[in-house]
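Trainee: I would like a close look at a single part of this model, taken slowly and with the cut-offs spelled out.

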Amino acid sequence: MRLLLTLLAFLKMQGTPVCAAEMPGVSREISVEQVVRQLSSASWGGRAPCTRGHELAKQLLLKTLKDLNFETEIVSANSLQPWKGKIENVLAFEKKSRLNKCVVLAAHYDHNPPMGGEYSPGANDNASGVAAVLEVAKRWSEKNRVATQSQVSLVVSFPDQEENFIQGSQFVAAAVSNRCDKVLFTVTLDMVGVAFFRGFEKKFFVLGSESSNDLTELILKKQLTDTSTGVLSLAANISMIELLGVPRSDYSAFRNRQMPYLFLTAGMPSTYHTPADKADLVDFEQIVKTSEWLFELLEMTETQMSDREFQFIQKPTFIGDDQKLAADELLRSLMARPRENDLSVAEIEWIQSRMKLYSDPIYHPSKFELQLDVLRVIRIVSRKAPYPAAYLRSLIGKIFW
Ligand SMILES: [Zn+2]
């Protein structure tokens, strides 16, 4: 009984699931500041999955993108934790008969559940990134590019459940590679509105350009123009923020599908993942300038680099085909007894979605991500009927060493 009460209290804390919420009043005139203030407002109460604020955020994004003449789509999937509800990624494509050369923008719109009785506003994490991406989309459509035959097609995405083991963007990356003939590169934005520390104002890191030689060249060219944009971009290798390939944001989903990637972030300020991550601490001008920088990067891509291959360069810490085969075999064998293990439909679907990823020849996650996936699956399927240790050991040996 005690456990049940705790569980109920926990579910209540997660917020009430919302099916039909009122449509927020927005238009193409919405500013960076309005987006950040609205997404992080106390009246919306945060953007944790399965809450009213999350639903309203999703509606706001869909409506704004439609107003900008994009074709919108929700790419949904099951979450690893069924109580967190469906993953609902927001995607938007230009209305063209064919999307041949795409550049994909991504900024997760979800945020954490309440902490210590207070809601989590997530103004910097990641209403700032969402606002920047919307601003770029606005500029792109203002230039009347949407529905015209520009060289480069813009894909806008707002992945869900980044705060929950970066789950949503995996499905974004898969959907994008289905829609676009070729993805030149992807740009993920996460926390671009608050300075990392005092003295770091109007600066941001550009990580990941080493994932393609053409991307490195593009960034070097762009940096020569930084003085005119009022922000300073600092290019660095992604290893600056990663240990052993432990991914930090949605860029990893694109990397796992061999798409060149950039990760734009101003760093992790002290308000990170606290109830103090509020709009009043956000530097709106920095977000505007960052989006201008990004828009110029897209223009530069179109005018100077759209004939390039943007070949992806794989990092050595990522898994090879032999490990993928072992993972595939393990997942399949674990899944062979779903009844005995009393798996729920959501769990089966989640494992199947993982199996689909690993059997895709283009998918090459980091060793860390693979190990995490395997451990999660073992935990789920061993709940009722544990597997013989020797058998597990032999299979896991192939994956973990
Ligand atoms: Zn974030």
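In which kind of crossing, left-handed or right-handed, does helix 11 pass helix 12? Please describe helix 11 and its surroundings along the way.

Mentor: Helix 11 passes helix 12 in a left-handed crossing, a crossing being left-handed if the near helix is turned anticlockwise from the far one by less than a right angle, and right-handed if clockwise. Before the details, note that this is a predicted model, in which local features need pLDDT of at least 70 and side-chain atom pairs count only at pLDDT 80 or more, whereas totals for chains, interfaces and linings use all residues. Residues are numbered from 1 along each chain as its sequence is written.

The protein chain has 13 helices and eight strands, where helices (H or I, at least four residues) and strands (E, at least two) are DSSP runs, numbered from the N terminus. Of its 401 residues, 46% are buried, that is, they have 20 or more other C-beta atoms within 10 Å of their own, against 12 or fewer for exposed residues and values in between for partly exposed ones, with C-beta atoms placed from the backbone.

Helix 11 covers residues 345–358, which is 14 residues, and spans 20 Å from its first C-alpha to its last, close to the 20 Å expected at 1.5 Å a residue (the expected span is 1.5 Å times one less than the number of residues). Its buried residues are Glu347, Trp350, Ile351, Arg354, Leu357 and Tyr358. Seen down the axis of helix 11, these buried residues fall within an arc of 110°, so they line one face of the helix; the arc is that of the directions from the helix axis to the C-beta atoms. An α-helix has 3.6 residues a turn, so residues three or four places apart point the same way. On the other side of helix 11, Val345 and Lys356 are exposed.

The buried residues of helix 11 pack against strand 1 (71–78), helix 5 (168–179), helix 10 (321–335) and helix 12 (367–381). Where helix 11 meets helix 12, Glu347, Ile351 and Arg354 face Asp373, Val377 and Ile380 in contacts, a contact being two C-beta atoms, placed from the backbone, within 7 Å. The two helices pack at an angle of about 150°, with their axes 11 Å apart; axes are lines fitted to C-alpha atoms, for helices over the stretch in contact, and angles run from 0 to 180 degrees between N-to-C directions. Helix 11 and helix 12 are therefore roughly antiparallel, since angles over 145 degrees count as such, under 35 as roughly parallel, 65 to 115 as roughly perpendicular and the rest as oblique.
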